[in-house]
Amino acid sequence: MSEKKTNRRDFLFTATYAVGAVGVGATVWPMIDQMNPDASVKALASTEVDVSSVSPGKTITVLWRGKPVFIRRRTEEEITEAKSVKLEDLKDPQKDEDRAKNPEWLVMLGVCTHLGCVPLDQKGDYNGWFCPCHGSHYDISGRIRKGPAPTNMEVPKYEFVNANTIKIG
Amino acid sequence: MSDHEYVPKSKFGKWFNDRLPLLSLASHLTDYPTPKNLNYWWTFGGILTFCLITQIVTGLTLAMHYIAHADMAFESVEHIMRDVNYGWLIRYIHSNGASMFFLAVYIHIFRSLFYGSYKSPREVIWIIGIIIYLLMMAAAFMGYVLPWGQMSFWGATVITNLFSAIPLVGEGIVTWLWGGYSVDNPTLTRFFTLHYLIPFLILGLVVLHIWALHVPGNNNPVGIDVKKPSKDTVPFHPYIVIKDGFALLMFMIVFAFFIFYTPNILGHADNYIEADPLVTPAHIVPEWYLLPFYAILRSVPDKLLGVVAMLSAILILAALPWLDTSKIRSAVFRPLYKQFYWILVADVLILGYVGAMPAEGLYLLIARVATAYYFLHFLVILPVLGLKEKTLPIPLSITESVLGGSPNLATAKNKESLNN
């Protein structure tokens with residue numbers, strides 16, 4: 001048995017391991033994937049919101065996929081303020097125009113990008129939002145200005161179905 | 001197993017033991033030779049076994065009344081507190097039991113650190129212990145989520161979000177852990193399942209922990225090996241059984257004080273408000289036993305590095321047997337290590353304190369210094385100290401140290417001068 005050479009038995013071993021590995025993988029995957037969002041959770045993927053009663057300078061919070069979504073009808077001053085910020089001053093540079101397609105309406109996930117708390121409205125050093133958990137300050141465009149959060153508050157996919165209705169998701 | 005061959009006295013006992021040697025095992029456990037100089041810091045192994053069994057028994061009974069559903073969990077816990085016979089008592093034993101479990105495990109760990117119990121040949125006992133400790137933290141965290149109060153919900157949100165710091169796959173992992181797009185019913189049901197499972201995993205590991213302990217035998221306050229055969233040891237029963245029993249009674253007095261006089265002092269009032277995904281409580285603070293690690297997490301300004309630092313702070317303990325280069329086990333004979341040991345104890349307590357405070361200003365500065373020192377202790381001080389430190393002469397045997405009085409510095413010095 002000193003000859004080191006591939007024989008038919010080696011081929012059988014390798015083939016057995018390979019088939020075995022595929023079999024184990026195919027058995028384990030359903031056990032892992034069952035923990036991913038199920039069909040009923042995915043079915044709640046979009047929400048329609050009537051925003052006709054929201055007056056300028058007010059924010060409403062709606063629940064979408066179990067997370068709060070802030071919908072703020074911004075005043076003229078707030079829009080001017082959001083647009084006047086220089087991109088160099090931002091930790092995660094993003095133009096206000098890219099965040100609010102219709103500048104009057106700011107729609108974003110009310111979830112701090114640090115560790116997921118809900119920031120408070122009209123608080124903090126930048127007249128926007130302030131996260132009480134670990135002290136992140138956001139401006140009136142929902143962009144991170146100060147604190148540990150790495151990125152701006154996320155803008156979800158949304159569209160105006162008509163003048164008074166926003167569809168999120 | 002025991003050196004002598006055990007033979008049961010009765011005929012049936014012998015018949016049974018030949019087929020399943022349970023009686024031999026019992027004989028090994030009662031006769032197990034223990035160093036006769038063990039002090040009360042060695043009683044926490046028994047106390048921890050008691051804590052585990054208490055948590056399993058009270059947990060099983062709570063599970064008979066608890067409903068793991070986001071709409072009903074909070075109410076079912078109040079139902080346990082108000083309607084179920086002795087439900088309040090069982091729940092308070094279970095919730096305070098978690099704190100008592102951690103109190104005992106921290107004393108047990110720091111006893112190992114002081115007397116060098118993690119060193120050769122006991123590295124495997126130590127590593128199994130670290131795995132048990134990690135599982136305890138996971139079980140405690142998931143258990144805290146089950147009442148579905150505000151702290152449950154937001155604690156779960158913050159802790160699961162730690163995984164989002166992982167590059168590329170982080171967000172996917174968080175969604176997978178949640179079973180949705182936020183902490184919700186699927187998260188609660190899986191946490192309940194795992195919270196139920198983990199104590200039994202711990203039970204299995206405790207058996208391995210004790211098995212691994214019974215191979216070399218106990219370390220002891222002077223940290224030298226037991227001479228065989230000698231008068232260095234006493235049998236586990238009755239000597240250690242009685243000593244452990246007495247310590248357990250003292251421990252139960254403290255336990256009972258919390259249950260009957262101040263059952264909520266270690267919890268947070270916010271957890272008596274039902275979970276609300278739209279409102280975050282003003283201060284999110286983990287349970288006291290996780291605070292030092294929470295302080296380390298927050299002391300690092302970068303999200304990913306903060307998570308890495310927190311995990312390293314725990315995992316570094318597994319490498320301790322190799323980081324500590326000193327051949328001498330007990331701190332009694334290591335004058336410098338003894339001082340650094342107490343600095344480390346103070347450092348961990350400081351981390352725990354600042355972990356409960358807001359992460360800003362002076363608190364943040366203190367947290368950063370204390371975090372840096374924590375890693376310095378394990379990565380620099382311990383390896384260097386083992387090579388440089390001038391240790392005191394160790395006694396020739398345990399019997400010598402016992403007959404010469406308590407194994408402390410003064411005694412050791414006296415011995416030295418007598419010998420000269």
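These legends describe close-up views of a predicted model.

**View 1. Chain A meets chain B.**
In this view, 24 residues of chain A are in contact with 24 residues of chain B. Together the two chains bury about 2,100 Å². Carbon and sulfur atoms account for 65% of that area. On the chain A side, A:M35, A:R65 and A:L115 lose the most area to chain B. These three make up 29% of what that side buries. Polar contacts also cross the interface: 9 residue pairs, both partners at pLDDT 80 or more. Salt bridges across this interface number 0 by the rule used. Which elements of chain A give two or more residues to this side? They are α2 (39–43), β2 (58–64) and β3 (67–73). By class, the chain A side has 12 nonpolar, 8 polar and 4 charged residues.

A:N152 sits in the loop between β8 (144–146) and β9 (158–162) of chain A. Is A:N152 buried or exposed? A:N152 has a relative accessible area of 5%, so it counts as buried. Its side chain reaches the backbone oxygen of A:D92 at 2.9 Å. The side chain of A:N152 also makes a polar contact with the side chain of A:Q94, at 2.8 Å. Beyond its neighbours within four places in sequence, A:N152 is in contact with several residues, including A:R99, A:T113, A:Y138 and A:I144. A:R143 is another of these contacts, and A:R143 returns in the next view.

**View 2. A buried salt bridge in chain A.**
A:D139 forms a salt bridge with A:R143. The closest N and O atoms are 3.2 Å apart. Both A:D139 and A:R143 are buried. Side chains of opposite charge can pair when their charged atoms come close. Over all chains, the rule gives 13 salt bridges.

**View 3. Two domains of chain B, side by side.**
Chain B is divided into domain 1 (38–279) and domain 2 (285–322 + 332–389). Their centres, taken over C-alpha atoms, are separated by 21 Å. The contact takes 32 residues from domain 1 and 29 residues from domain 2. Between them, the domains bury about 2,800 Å². Of this area, 75% is on carbon and sulfur atoms. Which three residues supply more than any other three of the area that domain 1 buries here? They are B:F110, B:F114 and B:L162, with 21% of that area.

**View 4. The domain 1 side of the same interface.**
Across the interface of domain 1 and domain 2 of chain B, the rule finds 0 salt bridges. It does find 8 residue pairs in polar contact, both at pLDDT 80 or more. Three helices of chain B each supply at least two residues of the domain 1 side: α5 (87–115), α6 (123–145) and α7 (150–161). By class, this side has 25 nonpolar, 5 polar and 2 charged residues.

**View 5. B:P292 in helix α11 of chain B.**
B:P292 lies in helix α11, residues 291–299. With a relative accessible area of 13%, B:P292 is buried. What does B:P292 touch, not counting residues up to four places away in sequence? Its contacts are B:V348, B:L351 and B:G352. B:P292 and B:G352 are 60 residues apart in sequence. In space, their C-alpha atoms are 4.1 Å apart.

The side chains of B:E78 and B:R82 meet in a salt bridge, 2.9 Å from N to O. Both residues lie in helix α4 (residues 73–82). They are 4 residues apart, about one turn of the helix. B:E78 is buried, with a relative accessible area of 17%. B:R82, in contrast, is exposed, at 67%.

**View 6. A salt bridge between two loops of chain B.**
B:D225 and B:R329 meet through their side chains in a salt bridge, 3.2 Å from N to O. B:D225 lies in the loop between α9 (185–214) and β2 (233–235), and B:R329 in the loop between α13 (320–323) and α14 (335–355). The pair therefore ties together parts that are 104 residues apart in sequence. B:D225 is partly exposed, with a relative accessible area of 46%. B:R329 is buried, at 12%. Elsewhere, salt bridges that share partners join B:K119, B:D324, B:R334 and B:E389 into one network.

Notes: Residues numbered from 1 in each chain as written. Chains lettered and ligands numbered in written order. Predicted model: local features only at pLDDT ≥ 70, side-chain atom pairs only at ≥ 80, totals over all residues. Heavy atoms only, no water. Contact = heavy atoms within 4.5 Å. Buried area = accessible area lost by both parts, 1.4 Å probe. Salt bridge = Lys/Arg side-chain N within 4 Å of Asp/Glu carboxyl O. Polar contact = N/O pair within 3.5 Å; in protein donor to acceptor, adjacent residues only side chain to side chain. Nonpolar A, V, L, I, M, F, W, Y, C, P; charged D, E, K, R; others polar. Buried < 20%, exposed > 50% of the residue type's maximum accessible area, 1.4 Å probe, protein only. Domains from an automatic or database assignment.
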